[in-house]
Amino acid sequence: MESFTPLTATLGGALIGLATAVLWLGNGRIAGISGIFGQLLPPAQTVVWRLVFLVALVAATFAAARLFPGLGAGGDSPARLVEAPAAWGVPTPVWLAVAGLLTGLGTKIGNGCTSGHGVCGLARLSLRSLVATLVFLGVAVITVAVTGVV
Amino acid sequence: MANLKLPYLATAALSGALFGAGLYVSQMVDPLKVLRFLAIPAGGWDPSLAFVMGAALIVMFIAVQLGKRRSAPLFDVAFHEPEYRKVDRRLVGGAALFGIGWGMAGICPGPAISLIAFLPDNLWIFLVAMFAGSLAGSVVIPSGHARRLADAQ
């Protein structure tokens with residue numbers, strides 16, 4: 001299993017944990033990306049810090065890719081998205097549009113994503129986040145098995 | 001406004017930067033890596049992302065415990081706890097829809113944003129669709145603290 005990368009996964013996970021810790025202890029905010037992204041439009045009066053957070057996130061990804069080229073995608077360029085499975089006959093742009101739509105809609109209605117529920121919520125011992133995490137992980141595993149996208 | 005002061009915004013920038021670096025180092029920015037983690041029933045399962053979540057959880061759990069000793073965070077008057085408390089159909093239904101989207105593309109919202117650093121083909125389609133989906137979801141779940149509190153009762 002050459003693709004198994006426990007060391008960088010643990011290090012990267014610790015950085016993500018540190019990111020959520022800094023935002024919680026500093027500003028009392030949950031670092032849930034779907035929430036930060038999804039409330040960029042009014043009526044939220046808190047647009048500025050959300051924008052600052054997201055710009056820093058992209059900039060740091062860019063910087064990390066310059067410092068450690070090849071790490072982010074295990075040696076390949078990380079600049080590729082998954083293509084729609086050939087057997088489905090769906091063009092990739094349509095596939096990605098549906099996936100994006102479901103991701104935005106689902107995280108809004110379910111009030112969180114991998115970071116908000118999966119990291120922050122579980123660390124706060126929230127029952128809602130435990131349920132949400134089990135559901136989206138389980139459904140994602142089933143979806144990958146059904147679509148055969150990898 | 002506490003949330004326009006420099007320490008508050010610097011904290012947001014530091015958190016975002018750590019988050020972006022973590023997504024890259026852990027390889028969660030790679031949709032294929034994510035899908036190989038989700039492809040449990042297939043051969044050659046890659047369990048790496050369980051280590052990402054585990055490590056992040058341990059660090060954040062400690063931070064939450066530290067936060068409990070304080071009445072407020074460093075740069076705001078209160079911790080912003082989520083408004084919703086009950087496990088309901090919207091939580092489960094929303095998580096299920098997100099699970100389908102995540103399983104189709106291997107891109108959850110954090111990596112979707114961090115991938116902007118590489119400008120991959122078609123990423124804009126995913127981002128626009130994600131934003132549209134989030135907007136559509138505000139019909140069901142309102143935006144803004146006061147509206148959410150009222151909605152959660």
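**Salt bridges and the contact between the chains**

Asp88(B) and Arg128(A) are joined through their side chains by a salt bridge, with an N to O distance of 3.9 Å; the term denotes a side-chain nitrogen of Lys or Arg within 4 Å of a carboxyl oxygen of Asp or Glu. Because Asp88(B) is placed in the loop between α3 and α4 of chain B, and Arg128(A) in helix α6 (residues 127-147) of chain A, this pair joins two chains. Helices here are DSSP runs of H or I with at least four residues, strands are runs of E with at least two, and both are numbered from the N terminus.

The model is predicted: local features require pLDDT of at least 70, side-chain atom pairs count only at pLDDT 80 or more, and totals for chains, interfaces and linings use all residues. Residues are numbered from 1 along each chain as its sequence is written, chains are lettered from A and ligands numbered from 1 in the order in which they are written, and side-chain values use heavy atoms, with hydrogens and water left out.

Asp88(B) is partly exposed, at 28% relative accessibility, whereas Arg128(A), at 7%, is buried. Buried stands for under 20% relative accessible area and exposed for over 50%, with partly exposed in between (1.4 Å probe, protein chains only).

Over all chains, the structure holds four salt bridges. One of them lies within chain B, where Lys33(B) pairs with Asp46(B) at 3.0 Å between the closest N and O atoms. This pair links distant parts of the chain, since the two residues are 13 apart: Lys33(B) belongs to helix α2 of chain B and Asp46(B) to the loop between α2 and α3. Helix α2 of chain B spans residues 31-38. Lys33(B) is buried, with a relative accessibility of 4%, and Asp46(B) is buried as well, at 1%.

The surroundings of Lys33(B) also reach into chain A. A polar atom of the Lys33(B) side chain is 2.6 Å from the backbone oxygen of Ser3(A). With neighbours within four places in sequence set aside, the contacts of Lys33(B) are Ser3(A), Thr5(A), Gln27(B), Asp46(B), Ser48(B) and Leu49(B), where contact means heavy atoms within 4.5 Å.

A further salt bridge in chain B connects Arg90(B) and Asp151(B), whose closest N and O atoms are 2.8 Å apart. Since Arg90(B) is in helix α4 and Asp151(B) in helix α7 of chain B, the pair ties together parts 61 residues apart in sequence. Arg90(B) is partly exposed at 25% relative accessibility, and Asp151(B) is partly exposed at 27%.

The wider contact between the chains gives these pairs their setting. In chain B, 114 residues are in contact with 110 residues of chain A. The area buried between the two chains is about 10100 Å², with carbon and sulfur atoms giving 77% of it; buried area is the accessible area (1.4 Å probe) that two parts lose on being put together, summed over both. On the chain B side, Phe19(B), Tyr24(B) and Met104(B) lose the most area to chain A, together 8% of what that side buries.

Between chain B and chain A there are two salt bridges and 18 residue pairs in polar contact, both residues at pLDDT 80 or more. The elements giving two or more residues to this side of chain B are α1 (6-25), α2, α3 (48-68), α4 (89-105), α5 (109-114), α6 (123-137) and α7 (145-152). Of these, α1(B) gives the most, with 17 residues. By class, the residues on this side divide into 77 nonpolar, 24 polar and 13 charged, where Ala, Val, Leu, Ile, Met, Phe, Trp, Tyr, Cys and Pro are nonpolar, Asp, Glu, Lys and Arg are charged, and the others, Gly among them, are polar.

Chain B itself has seven helices and zero strands. Of its 153 residues, 54% are buried. Among its contacts between residues at least 6 apart in sequence, 48% join residues at least 24 apart.

Conventions:
Polar contact = N/O pair within 3.5 Å; in protein donor to acceptor, adjacent residues only side chain to side chain.
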